[in-house]
Each structure stands twice: as C-alpha cells, then as structure tokens.
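Me: I would like to learn how to read the features of a model like this one. Please take me through it.

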Amino acid sequence: MTNRPLPGAAPPPGPSAQPPSREGGPDGARPGVAAPPAPRRGGAGPARGASPAPVRTAARPGRRGGGGRKSPLARGGWTPWLYLAPALVVIGGLLVYPVYQLGLISFLEYTQAQVSGGEPATFQGFGNYATLFGDPQFWEVLLATVLFAGACVVSTLAVGCALAVLLTRVRAVPRLALMMAALGAWATPAVTGSTVWLLLFDPDFGPVNRILGLGDHSWTYGRYSAFALVLLEVVWCSFPFVMVTVYAGIRAVPAEVLEAASLDGASQWRIWRSVLAPMLRPILVVVTIQSVIWDFKVFTQIYVMTGGGGIAGQNLVLNVYAYQKAFASSQYSLGSAIGVVMLLILLAVTLVYLRLIRRQGEEL
C-alpha cells in the first residue's frame with residue numbers, strides 16, 4: 001500500500017519533481033505567498049532540470065532603454081518649437097528674404113534700367129565680384145574700414161574698462177551720476193549724437209576751437225582729423241556697453257582676492273593686468289567681438305559727419321561705399337556685392353562670437 005501525501009504537505013525529498021498540488025505551485029506553496037529558496041547542495045547551484053527563477057530588477061531613474069541618448073527634440077517634443085515659431089516667422093521675413101534678395105541681385109546686372117523695367121535683368125555670375133575685386137578703391141576702402149574699426153574697438157575698450165574700474169572706486173552719488181551720463185550717451189540716436197558733435201567742433205560757432213585756440217580750423221576737411229572726430233563720437237556712444245558689462249564682471253570678483261593683491265603692494269594697474277584681466281577674460285572677449293561687429297558696419301556717423309564720405313571719398317568705409325555704389329551711382333548689383341562681402345566677414349566674426357559664448361557657458 002502506497003502512502004500518499006496529504007494535500008498541502010511538502011513532497012518528500014527526491015531528485016524527481018512532483019506534480020503541483022491543488023492549493024499551491026510546484027513547491028506546494030499557497031498562491032500569493034513567496035516560496036523559500038531551495039537549499040543548495042554543496043554550493044553547486046540549483047538542482048538539475050529546474051529552470052532558474054526570473055529575477056526582476058527595479059529600473060534606475062534617469063536611464064532609458066535602447067542604450068543611446070535621445071535628441072533634445074525627442075526629449076522635449078515639439079513644445080519649444082511651437083513657442084519659437086512666431087519669432088522664427090518674423091526673423092525669416094525680416095532677415096532671410098532680404099539676404100536672399102541681396103545675394104540674388106549681386107549675381108545680376110541690376111541698374112536703373114532694370115529697376116524701371118526698361119531692360120530685363122541678365123545673369124552675370126561672379127562678374128560683379130570680379131569687377132569689385134578689380135577696383136583699387138574697394139581695397140583702399142576695405143583697409144580703411146579695418147583700421148578705423150580696429151582703432152574704435154581699442155579706444156572703446158580702453159575707455160570702458162577704465163571707467164568700469166573707476167566705478168568701483170567712487171562713492172554712491174558719483175557712481176550714480178556717471179552711470180546716468182553713460183546711459184544717456186548710450187540712448188542717444190546716432191544721428192542726434194553726430195549732429196551734436198559737429199556743432200561742438202564747428203569751425204565758426206563750436207566751443208572746442210575757442211577753448212583750444214584753433215580759430216576756424218575745420219576738423220572735417222582733413223582725412224585723419226575727420227576720422228578722429230568720427231572715432232570720438234563712436235567711442236562716446238559705444239563705451240557705456242563695455243563699462244556696464246565690465247563693471248558687472250568686476251563686482252562678481254571676490255573682494256578677498258582684490259584685498260590680498262592690495263596687501264601685497266600691487267598697484268591699480270598691476271591688479272588690473274594680473275588679477276582682474278585674467279578673471280574677466282571671457283567678458284572681455286565677448287565685448288571685443290561685439291564691438292568689432294558694431295564698429296565694422298558704421299554708417300550713420302561717417303555719412304552725417306563727413307557729408308557722405310568726405311572730400312573725394314577720403315573718409316569712405318564699406319557701408320558708405322556700398323550706399324554710394326547702389327544709390328548714388330545706381331549700380332545696385334555692385335552695392336549688393338559689397339553687402340554680401342560685408343555679410344560674409346561679419347558672419348565669420350559672429351561665428352567666433354557664438355563659439356566664445358558657448359565656451360563661456362561650458363566653463364560656468
């Protein structure tokens with residue numbers, strides 16, 4: 001007579017697997033109750049014929065399946081682009097289409113005859129660029145533009161940085177007065193500022209000639225004196241940006257660093273050259289690139305203060321030169337070619353500017 005195990009009782013030990021009971025699983029455990037792990041024999045692992053139970057591990061937060069990083073578009077969806085869509089439409093209408101038209105006209109023969117509809121516009125290819133690069137005046141104007149922009153940038157940085165350091169040395173009331181005066185110069189339109197500077201240096205009624213005892217000296221007659229006068233006006237309306245930006249950077253420098261340099265006997269110039277300038281290098285690079293972009297495309301100050309480029313075009317820069325070619329000479333294709341050349345130069349400078357901004361963001 002064979003003894004049968006009672007229902008719910010554990011099966012006798014043996015190598016062969018027993019059928020599951022009515023109330024439990026293969027091991028006789030009740031549903032919903034975890035079965036105890038099977039004992040190992042001699043550390044050899046599970047018994048033969050028994051498949052290992054699946055092990056479930058909790059997913060770690062921040063890990064995604066697939067083993068690869070998802071793109072920002074996949075992470076954020078289309079929501080950011082929906083917010084940016086109105087601005088992108090406006091920028092596309094105000095920037096992309098004019099740039100397209102500028103480049104298109106630079107490859108055509110487009111003069112007053114084509115504008116009035118008397119003759120059709122013909123494709124010239126790079127003929128306009130060949131004519132432009134073969135003109136010696138273009139290279140003279142380009143050199144003058146580079147030198148003038150470089151002088152404006154250096155002068156603007158020098159004045160702005162010096163006044164930024166001065167703001168940290170004066171009391172609250174003089175600091176507020178200097179800030180208000182600088183912001184007034186910053187907010188003044190270029191046409192208004194250029195007209196005021198012309199009145200100040202007027203040979204007949206200007207107070208500058210009377211104070212300096214120069215009589216009826218004309219500052220806009222000579223080439224270099226006219227460039228110097230325009231440079232002063234450009235620096236006057238540009239230094240507030242540098243001053244405020246560098247002043248904010250200086251205020252972010254820990255006071256203990258400047259105090260330690262002062263206790264070591266360093267002069268103000270030594271502190272600026274060895275302490276502040278290295279710490280403010282990202283800010284100085286940004287304001288330098290921004291000043292290059294602004295000063296390279298100066299138009300209003302030159303056009304107003306020198307009467308459209310000076311005597312015999314001696315004070316021309318690229319922006320004014322393009323204006324004269326396009327509207328004074330009705331050579332719209334050549335003016336467009338000059339605009340494309342300026343666009344490419346400024347685009348290269350802008351790419352450098354954006355790369356420096358990205359590096360600064362990574363460092364911060």
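The dialogue below goes from the whole chain to single residues.

Me: What kind of model is this, and how are residues numbered?

Reply: This is a predicted model, in which local features need pLDDT of at least 70 and side-chain atom pairs count only at pLDDT 80 or more, while totals for chains, interfaces and linings use all residues. Residues are numbered from 1 along each chain as its sequence is written, and side-chain values use heavy atoms, with hydrogens and water left out.

Me: How many helices and strands does the protein chain have?

Reply: Helices (H or I, at least four residues) and strands (E, at least two) are DSSP runs, numbered from the N terminus. Here the protein chain has 15 helices and two strands.

Me: What percentage of the residues of the protein chain count as buried?

Reply: Buried means under 20% relative accessible area, exposed means over 50%, and partly exposed is in between, with a 1.4 Å probe and protein chains only. Of the 364 residues in the protein chain, 29% are buried. Accessible areas come from the Shrake-Rupley method with a 1.4 Å probe; for residues, only the protein chains shown count as cover. The chain exposes about 24300 Å², and 64% of that comes from carbon and sulfur atoms.

Me: What share of the contacts comes from residues 24 or more positions apart?

Reply: Contact means heavy atoms within 4.5 Å. Among contacts in the protein chain with a separation of 6 or more, residues 24 or more positions apart account for 64%.

Me: How are two packed helices described?

Reply: They are described by the angle between their axes and the distance between the axes. Axes are lines fitted to C-alpha atoms, for helices over the stretch in contact, and angles run from 0 to 180 degrees between N-to-C directions. Take helix α11 (residues 268-279) and helix α12 (residues 281-296): their axes come within 4 Å and cross at roughly 70°. That makes α11 roughly perpendicular to α12; angles under 35 degrees count as roughly parallel, over 145 as roughly antiparallel, 65 to 115 as roughly perpendicular and the rest as oblique.

Me: Which residues make the contact of α11 with α12?

Reply: On α11 they are Trp272, Ala277, Pro278 and Met279, and on α12 they are Arg281, Pro282 and Leu284. By class, the contact has six nonpolar, no polar and one charged residues. Ala, Val, Leu, Ile, Met, Phe, Trp, Tyr, Cys and Pro count as nonpolar, Asp, Glu, Lys and Arg as charged, and the others, Gly among them, as polar.

Me: With which side chain does glutamine 301 make a polar contact?

Reply: A polar contact is a pair of N or O atoms within 3.5 Å; within protein, one must be able to donate a hydrogen and the other to accept it, and residues adjacent in sequence count only if both atoms are side-chain atoms. Glutamine 301, in helix α13 (residues 300-305), makes such a contact with the side chain of glutamate 233, at 3.4 Å. Glutamine 301 counts as buried because its relative accessibility is 9%. Leaving out residues up to four places away in sequence, glutamine 301 also touches others, including Ala190, Ser194 and Val234.

Me: Is valine 234 buried or exposed?

Reply: Valine 234 lies in helix α9 and is buried, with a relative accessible area of 2%. Beyond residues up to four places away in sequence, valine 234 touches Phe148, Cys152, Asp295 and Gln301.

Me: What lies 2.8 Å from a polar side-chain atom of serine 336?

Reply: The backbone oxygen of tyrosine 332 does. Serine 336 is in helix α15 (residues 332-363) and counts as buried at 7% relative accessibility. Apart from neighbours within four places in sequence, serine 336 is in contact with Leu102, Ile105 and Ser106.

Me: Where is tryptophan 219?

Reply: Tryptophan 219 sits in the loop between α8 (207-212) and α9 (223-251). Its side chain is joined to that of asparagine 209 by a polar contact of 2.8 Å.

Me: Where is glutamate 109, and which side chain is its polar partner?

Reply: Glutamate 109 is in strand β1 (residues 108-109), and its side chain makes a polar contact of 3.3 Å with the side chain of glutamine 124. At 34% relative accessibility, glutamate 109 counts as partly exposed.
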